[in-house]
Amino acid sequence: MIVQNTVPDRSMDALSTGELDWDALYADLAPRVFNYFRYRLGRESDVEDLTARTFEKAWRARANYRRDLAGFSTWLFKIAQNVGNDYVNTWHKHLPLDAATEVAIDDTPALHAEHRSDLARLAALIATLPARERELIALKYGASVNNRLIAELTGLSESNVGTLLHRLVKTLRAQWYGPDVSVRDE
Amino acid sequence: MNDDFLHRLRKSPPPGFLNELKARLDRQPRLSHPRRSGFGRGLIVGFLVAGVAFAVTSVSLTGLPTSAAQFFSAPVQFFGRITAGYGSADREANHTQIKAVPLSPWFPTPVTAQPASAPESAPAFDGSPGANSATGTGASSTSSGAIVQPTLLAASVAVQDELFPMLQTALPERVGGVRINLITKPAKDVFTSLCKSSYPDRDPYLVVTTRRVAADPICQREQRTSIVELNVGYQAISLVRSKLYGPLSLSSRDLFLALAQKVPNPEHPDVLIDNPYTTWNQLDPALPYDAIQIYGPMRDSPEGRLTARLLLDAGCNTFAALSALRERDGAAFETACSTLRTDRAYQEFSPGRNDYTDMLAVTPTALGIAWLGARMPSAGLILNPIDGIAPDYPAVATHTYPASRALYVSLSTYNINSLGDYRVNNIVWSIMSMSPWTLPLQEARNLWGFVQLNDTERAATLADLKNQKTVPFGQRR
């Protein structure tokens, strides 16, 4: 069973109270968007830039936000997804120099993983996953959104999201802790 | 399930970053009012559009209504006839009805129904010059007697042969209730019917051509003072090249020598020889030592013929020997000045292909063809001037850009008066509004190179028509 260890969605509370409290929304969502990009890219570089880009886009288009169609956090994370997709599609071949040390080395991930930060370790582990699975991890653990919202953002069913995440975490945990993971699981 | 190892990777963003971003966001203008539901607005717009369509249909079918009842009943009956379907007998009768008149800059005066017993008051118009047979049927009534069907009119439009595919594609069979009979004519004969006084004036007869009526020998000889000439658009093409090496400094003479199948022998200019030039510097030492390579449309296609005409014509006229040939042997002159070479210097590669830009990008010394009236092909290409003149609308409109020419409609004032100025206006408007973008690709290629007039020139053309500004023979306009 997956523990729903997510940050309470304060922005949803704000939605039900009439006029949105933009300061509260920013305080709630900025760290989550920031971590979404950290988990998705698996490094620190460019994360601030992408976070800023996401909020600037959203703030410019606030007048177009339709609260009757989606929650604000859904809308914002959709923008973040698009910003991330644009970045990955356009610039993934041109990593900045300061990101060079964080790029996973394909041939010996296990050998080098010990010497990297935890984030780099995670990046090395999820680098082999398909894009959809990487997105699930970033939304679940970076953005701390619940399975229902992930389902809205990815187009999957909520139960499918739960199943996929369960398998993913199990696989990652085995790689993270080593072969004796079954003992630690309990 | 233990997933703490994933949660504990989270960290808070640097406070400095958060504060700076928040300050940036706060500087953005405050949001406007939230968008209202579009349904109500859509409903209102729908009613307005339907109302306007209803009114226009009613006025077009019946002229200005004499009563409110007629205003509402006419379109209802019209659509009722359509939905009821045509019988074979009715179809012939229905073809004689005047269809809705397209809107134009000045709104047409209402169509006046003509009774069958008085055909003289609305002259019977026939397409063929010299023939006075009536093509219209007499006025009749519907079974309900509510709508009087006016006489069907026809007008002949003589088109210079190389423009015929374009007009055939773009001009509808009927314009504002007038049936259009397109007739193709060689360029040298295109004005004959209009200018010869032996043809009766009452035949509505429009001429669409690239030639000026004042320069035509027959028209000059006849000295008719009732000819109106209207500029209805242009044809133009431009050369494009990869940005890598910049534009080539080409003259129209260089282009002729680079592209024509036969060129004057440098030692004996009176003799035409197969084009021997293979590199640009053979034409002009100032040009680079690059192979002559131009990608253009198929030689036998309408675009190819237009390319040959526009790119070769200006340069051809710079050779005295060829100008003399024009007087001596017109056919030979036409062949020499409108035939593209068939070797590798000119390669058939349609500008409509998706990879046209890529082809020019990978061969940066090559030139390509682009249509001035079209969207520019790519940001990676530049327009190549000819004779130092960049291909833009002002250069085309002032006739300074060599690879362009104007299109004219010529007709007599009697034709305007007999057909009705608003009907002529609609025909001219239809020609001026031809656009390849509204046609399927296979048909649109007939219109490549057509450049519509801008609003100012269009208004000037329609004003000339309205004022019936005639061509003063004996002096060029």
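A residue counts as buried if 20 or more other C-beta atoms lie within 10 Å of its own, exposed if 12 or fewer do, and partly exposed in between, with C-beta atoms placed from the backbone. Leu29(A) has 25 C-beta neighbours inside 10 Å, so Leu29(A) is buried.

This is a predicted model, in which local features need pLDDT of at least 70 and side-chain atom pairs count only at pLDDT 80 or more, while totals for chains, interfaces and linings use all residues. Residues are numbered from 1 along each chain as its sequence is written, and chains are lettered from A and ligands numbered from 1 in the order in which they are written.

## The two chains

Helices (H or I, at least four residues) and strands (E, at least two) are DSSP runs, numbered from the N terminus. Two residues are in contact if their C-beta atoms, placed from the backbone, lie within 7 Å. Chain A has 10 helices and 0 strands. Chain B has 18 helices and 15 strands.

Of the 186 residues in chain A, 32% are buried. In chain B, buried residues make up 34% of 477. Now take contacts between residues at least 6 apart in sequence. In chain A, 61% of these join residues at least 24 apart. In chain B, 71% of these join residues at least 24 apart.

## Helix H2 of chain A

Leu29(A) lies in helix H2 of chain A. The expected span of a helix is 1.5 Å times one less than its number of residues. H2(A) covers residues 22-41, and its 20 residues should span 28 Å; the end C-alpha atoms are 27 Å apart, which agrees.

Where does H2(A) bend? The bend of about 30° is at Leu29(A), and Pro31(A), a proline, follows within four residues. A bend is the angle between axes fitted to the seven residues ending at a residue and the seven starting there.

H2(A) is largely enclosed by the rest of the structure, because 15 of its 20 residues are buried. Ser144(A) is 115 residues away from Leu29(A) in sequence, yet the C-alpha atoms are 9.9 Å apart in space. Just after H2(A), Gly42(A) takes a positive phi of about 75°.

Two packed helices are described by the angle between their axes and the distance between the axes. Axes are lines fitted to C-alpha atoms, for helices over the stretch in contact, and angles run from 0 to 180 degrees between N-to-C directions. Angles under 35 degrees count as roughly parallel, over 145 as roughly antiparallel, 65 to 115 as roughly perpendicular and the rest as oblique.

| Helix pair | Axis angle | Axis distance |
|---|---|---|
| H7(A) and H9(A) | roughly 95° | within 10 Å |
| H8(A) and H9(A) | about 105° | 8 Å |

H8(A) is therefore roughly perpendicular to H9(A). From H8(A), the contact uses Asn147(A), Arg148(A), Ile150(A), Ala151(A) and Thr154(A); from H9(A), it uses Glu158(A), Val161(A) and Gly162(A). By class, this contact of H8(A) with H9(A) has 3 nonpolar, 3 polar and 2 charged residues. Here Ala, Val, Leu, Ile, Met, Phe, Trp, Tyr, Cys and Pro count as nonpolar, Asp, Glu, Lys and Arg as charged, and the others, Gly among them, as polar.

H7(A) and H9(A) are roughly perpendicular to each other too. Glu133(A), Leu136(A), Ile137(A) and Lys140(A) of H7(A) meet Val161(A), Leu164(A), Leu165(A) and Leu168(A) of H9(A). The residues in this contact of H7(A) with H9(A) are 6 nonpolar, no polar and 2 charged.

H16(B) spans residues 421-432. Its 12 residues reach 16 Å from first C-alpha to last, close to the 16 Å expected. H16(B) is mostly covered, with 9 of 12 residues buried. Among them are Trp429(B) and Met432(B).

Thr461(B) lies in helix H18 of chain B. Is Thr461(B) buried or exposed? Thr461(B) is buried, because 25 C-beta neighbours lie inside 10 Å. Leaving aside neighbours within four places in sequence, Thr461(B) is in contact with Leu230(B), Asn231(B), Val232(B), Met432(B) and Leu453(B). Thr461(B) and Trp429(B) are 32 residues apart in sequence and 9.6 Å apart in space, C-alpha to C-alpha.

## Positive phi in chain B

His399(B) is not a glycine, but its phi is positive, near 60°. His399(B) sits in the loop between helix H14 and strand E14 of chain B. With 11 other C-beta atoms within 10 Å, His399(B) is exposed.

Gln468(B) is not a glycine either, and has a positive phi of about 50°. Gln468(B) is in the segment after helix H18 of chain B. With 15 other C-beta atoms within 10 Å, Gln468(B) is partly exposed.
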